[in-house]
Amino acid sequence: MNYLEFYRLKEQPFSISVDNRFFYNSDQHSEALVRLKYAAEHRKGLAVLVGDVGTGKTTLARRMLDELDENQFESALLVVIHASISSHWLLRKIAVQLGIEDPSDEKSSLLSQLYDRLVEIRDSGKKAVVLIDEAQMLHHKETMEEFRGMLNIEIEGEKLITFVFFGLMSLDDTLALDKPLQQRVAVRYQLRSFSEKATQAYIKCRLEIAGAKKQLFADGSIAAIHKYSEGLPRLINTICDNALLEGFLVKKETIDEKMIQEVASDLKLSTAD
Amino acid sequence: MSFRKSSIIEKAKKLASKGQFDKAIHEWEKMVSESPDDGNIFNSIGDLYLKANQKKKATDIFVKAGEAFQSAGFELKSIAVFKKALKVDPSRVEIYEKLASVNAERGLIGNAIGDYLKAAKNYLQQDNFQASLSVYRKISDLDPENTDILVQIAEMCQKQDYREEAIEEYKKVIAIFEAQGKTADVEDIVEIIVDLDPSFTREKGSPSSEASSTEIPMPNEEESTVILDPESPEYEAIVSDNENTIDPESPAYEPIIPDNENTNFLEPESELLTDEQTIYPSEEPFQVDREEGTGVSSSEVKSLENYLTEAEVYCQYDLLDKALDQLNAASEQYPSSIELHLKLKEVYGKQGTTEKVVEECSILASLYKEMGDETKRQAILDELMTLTSKEIESDLLSETASLEIEAPVDVEKELPLIHGERDFDFANTGRSSTSNKNSEAALNTGPLEGEKLSEEFSIEEEEMHLLEEDLSLSASSQEIEQLVKTDEILQEKIKDDPIADDSISIDFEETTLTSIDFENKPVAEADIPEPSLGEKETKEEYVDLQSILSEDLWQEDNESTLEKAIRNFQDKTQKNSDTQEIETQYELGIAYKEMGMLPEAIVAFELAFQGESRFLDAMKMLVTCHSENGSIDVAVELIQKAMTDRPCSKEATITLKYELALLYDQQGNKERALFLYEEIFKVDPRFRDVSSKRSVLVENDFESSWDAPHDEEVSKDEIKKKKKDRVSYL
């Protein structure tokens with residue numbers, strides 16, 4: 001028997017891997033999504049979403065990708081996992097994701113291909129949107145210049161491509177490497193950590209999706225979870241997941257505050273105190 | 001239906017089932033007197049004759065049925081039964097005409113044309129020219145303004161020596177051209193008629209009978225010559241009060257000034273306005289004396305701007321020949337005018353005369369060189385390269401393209417080709433030593449990285465120089481082709497990923513360019529060295545354009561020009577199909593199905609299936625038709641394809657699933673059928689009889705299963721994969 005069976009859950013409610021089914025549409029996530037989609041729909045060129053670690057940026061990026069109707073948008077998500085990618089490589093990747101089958105090695109030809117493809121997308125009635133997660137890792141000036149160059153591509157006053165950057169707070173510094181690009185940010189939103197109320201709602205939402213028939217966390221534990229996680233969804237997940245495991249091990253039907261403290265201590269999470 | 005009728009029909013059916021077809025027919029015929037215009041009766045009688053193997057009578061009766069349906073306004077049934085008649089006896093040409101007529105009534109113009117063409121062809125095969133002419137005239141009646149068809153009909157009559165008929169058609173063409181104001185075209189046709197009948201005179205009062213010269217057809221122009229009465233308001237409008245000179249700024253200039261980008265010659269300081277338009281009122285009417293056919297005043301040399309203006313106006317009215325007349329006349333006076341040659345290039349381009357375009361490009365290249373404008377020269381040479389590599393026609397290969405460029409020709413400059421490598425005598429080419437070195441090194445070097453090659457040796461640029469040199473040596477077009485091909489191969493090599501074993505050197509057979517005549521004599525094809533390629537390349541890299549193009553250009557055409565014109569018209573009408581057409585096709589399918597003509601019904605339903613309005617209905621009918629035809633597998637595939645290929649609404653999806661379930665049931669695949677019934681049941685338990693069908697299968701212990709990837713699962717997998725593909729990691 002594992003904790004899923006013990007608590008009669010269909011699946012793990014607090015997995016830290018991104019799963020859109022567990023997307024919790026908090027007020028701020030909802031607002032962020034609306035703003036970012038607005039930027040995409042109205043071809044605003046550049047939108048930015050920043051937030052601290054674990055605030056749900058990647059989840060939001062995936063969510064946005066899902067919500068961009070394929071009949072209206074030609075969208076792609078690029079996740080930066082290495083800081084040293086070149087601008088040329090980036091362009092090629094964007095080209096491939098937008099549907100260019102054989103991107104040229106030569107930059108001017110590649111740009112020409114991109115332009116043609118963007119016009120093709122536009123003519124088909126769609127809008128090209130590229131989401132870039134962990135965008136703060138693109139901290140080369142020439143990379144920012146490439147983005148600026150692409151944002152200059154317009155027809156009849158409409159930008160042919162919209163970029164949405166998701167990144168840590170340092171993304172603002174990255175954008176500052178290229179002032180003209182920074183000025184092109186049409187929409188910016190910052191994700192903040194959850195309030196205690198939002199934390200409670202978040203936990204409840206995930207438990208419901210996972211098939212829980214009853215509240216597994218006592219009220220006091222919620223406050224503790226909020227305190228130790230500082231309202232960051234990723235930490236909330238980590239704490240709750242470990243707490244459920246602990247609860248299963250000691251056969252506790254309801255997770256209380258004490259258990260949360262133990263888990264936090266094990267995880268070496270500092271408190272706000 | 002009256003009791004008497006129904007009893008007759010009952011009796012007839014019984015007799016037919018016993019094989020007593022004659023008696024059954026007799027019974028049906030009793031009803032004809034009561035309902036002489038009922039196509040259904042004739043149709044039933046025709047079916048009985050068919051069963052009795054009396055094909056001629058069956059055909060005759062089917063024709064009657066078709067005519068009856070047509071009179072009663074049941075065009076689709078009429079179409080169906082005419083087609084049935086043709087199936088029985090395809091030699092009945094007159095039925096094609098009837099069918100065409102009904103199609104035309106129904107608005108199925110494309111089908112009408114197709115049927116008329118069949119009839120016409122049949123008549124021609126029977127040497128019945130008059131009948132075929134009558135049919136072609138019916139086709140032209142479908143589009144009375146289509147002068148192409150009328151002219152082709154007239155030409156056909158001419159060829160068959162039917163002069164009167166030809167003249168009649170030409171007169172119709174004249175009437176149309178007159179209505180459209182195309183006086184020049186009217187004149188052309190009049191000339192043709194006069195050739196056929198020298199006594200022909202046009203009716204008095206028509207403008208073209210008074211015209212003795214050609215002029216530029218201006219919109220709303222009523223007079224053929226520009227004659228202005230000094231007292232006329234028009235004259236006063238163009239003469240200013242103060243100075244009795246035409247005010248260049250006056251809007252009166254506007255009608256004669258085309259909307260042209262190159263309006264620099266319209267500046268007040270330009271020759272046009274200062275020299276030509278200073279008019280003083282005189283007693284005599286102002287008249288432009290135009291030389292016939294050229295529009296050029298015989299009494300004075302026109303300015304370049306005039307020529308260009310007139311040419312532009314001719315172009316706007318698609319009178320390219322006349323535009324070229326102007327421009328060629330201008331080129332005699334102004335041979336070095338870049339503007340003129342640009343215009344010539346443009347007009348030849350519109351005309352599709354590539355050879356001439358190439359010629360103009362060469363002339364322009366040399367003119368730009370004289371001016372020292374390298375950028376424009378380069379652009380022209382790029383264009384020339386594109387033209388010569390893509391659109392070399394056999395004309396260029398068989399005759400020497402005259403590239404009389406005003407550049408110093410040094411016949412001493414030889415570019416020897418030796419066996420094994422292409423080796424240029426760079427020392428004597430006058431190129432910079434660096435560029436010589438680069439080219440030599442590049443060409444003689446072994447396997448190279450593509451990028452390295454382009455970066456280090458600037459091959460692209462050098463090959464351009466080589467091409468220019470060869471052009472300036474007045475080489476024949478065959479050599480140009482060869483060199484362009486060489487360039488192309490090198491370019492391709494540069495673009496390719498590096499392949500270690502490939503050599504980029506190109507082997508040529510042992511021939512030197514000195515053996516090729518540089519004095520513009522045509523070079524026989526056999527003299528042109530066919531380059532052999534390196535190991536990894538195949539001969540197919542060198543495409544024998546001449547033989548391919550000669551096949552395309554001089555391939556025997558089985559279709560006459562008249563038929564081509566008619567087919568063009570047919571294509572146009574078929575492109576304009578719309579919702580009404582979808583409805584018609586659907587109803588036609590129903591009509592065919594009622595007549596038992598399943599293949600025709602399937603075709604019609606497949607057409608109706610393309611539209612949104614009848615997609616589901618046509619799908620259901622297609623499934624029915626295929627099932628009745630015994631092709632249940634085809635029907636299954638059809639539905640599966642429809643579900644995956646087209647975005648369906650929820651209702652449509654349920655309907656399609658239901659139809660699919662029925663087919664699986666029919667096929668004996670009960671498990672799949674049950675699976676689908678249950679899916680439908682979950683969404684809408686009251687959908688048709690899904691509940692009872694489901695219960696029956698469950699009671700018979702069938703288990704809902706889907707052993708192969710279900711459409712939904714497949715599509716979900718595909719959806720997941722698609723989403724995954726949208727995410728990439730940098």
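Colleague: Is Y586(B) buried or exposed?

Modeller: In this predicted model, local features need pLDDT of at least 70, side-chain atom pairs count only at pLDDT 80 or more, and totals for chains, interfaces and linings use all residues. Residues are numbered from 1 along each chain as its sequence is written, chains are lettered from A and ligands numbered from 1 in the order in which they are written, and side-chain values use heavy atoms, with hydrogens and water left out. Buried means under 20% relative accessible area, exposed over 50%, and partly exposed in between (1.4 Å probe, protein chains only). Because its relative accessible area is 11%, Y586(B) is buried.

Colleague: Which residues does Y586(B) touch, not counting residues up to four places away in sequence?

Modeller: Y586(B) lies in helix α27 (residues 579-594) of chain B; helices (H or I, at least four residues) and strands (E, at least two) are DSSP runs, numbered from the N terminus. A618(B) is 32 residues from Y586(B) in sequence and 6.6 Å from it in space, C-alpha to C-alpha. Contact means heavy atoms within 4.5 Å. With that exclusion, Y586(B) touches F605(B), A608(B), R614(B), D617(B), A618(B) and M621(B).

Colleague: How many residue pairs are in polar contact between chain B and chain A?

Modeller: The contact takes 18 residues from chain A and 9 residues from chain B. A polar contact is a pair of N or O atoms within 3.5 Å; within protein, one must be able to donate a hydrogen and the other to accept it, and residues adjacent in sequence count only if both atoms are side-chain atoms. With both residues at pLDDT 80 or more, the count is 3.

Colleague: Which elements give two or more residues to the side of chain B that touches chain A?

Modeller: Two elements of chain B do so, α34 (711-725) and β3 (727-729).

Colleague: What stands opposite V79(A) in β3(B)?

Modeller: Strand β2 (residues 73-79) of chain A runs parallel to β3(B), and 3 bridges join them; two strands pair if DSSP finds at least two bridges between them. L77(A) stands opposite V727(B). Opposite V79(A) is Y729(B).

Colleague: Which residue of β3(A) is the bridge partner of V79(A)?

Modeller: β2(A) is also joined by 7 bridges to strand β3 (residues 127-133) of chain A, and these run parallel. F73(A), S75(A), L77(A) and V79(A) point one way from β2(A), while E74(A), A76(A) and L78(A) point the other way, and all are buried. In β3(A), the partner of V79(A) is D133(A).
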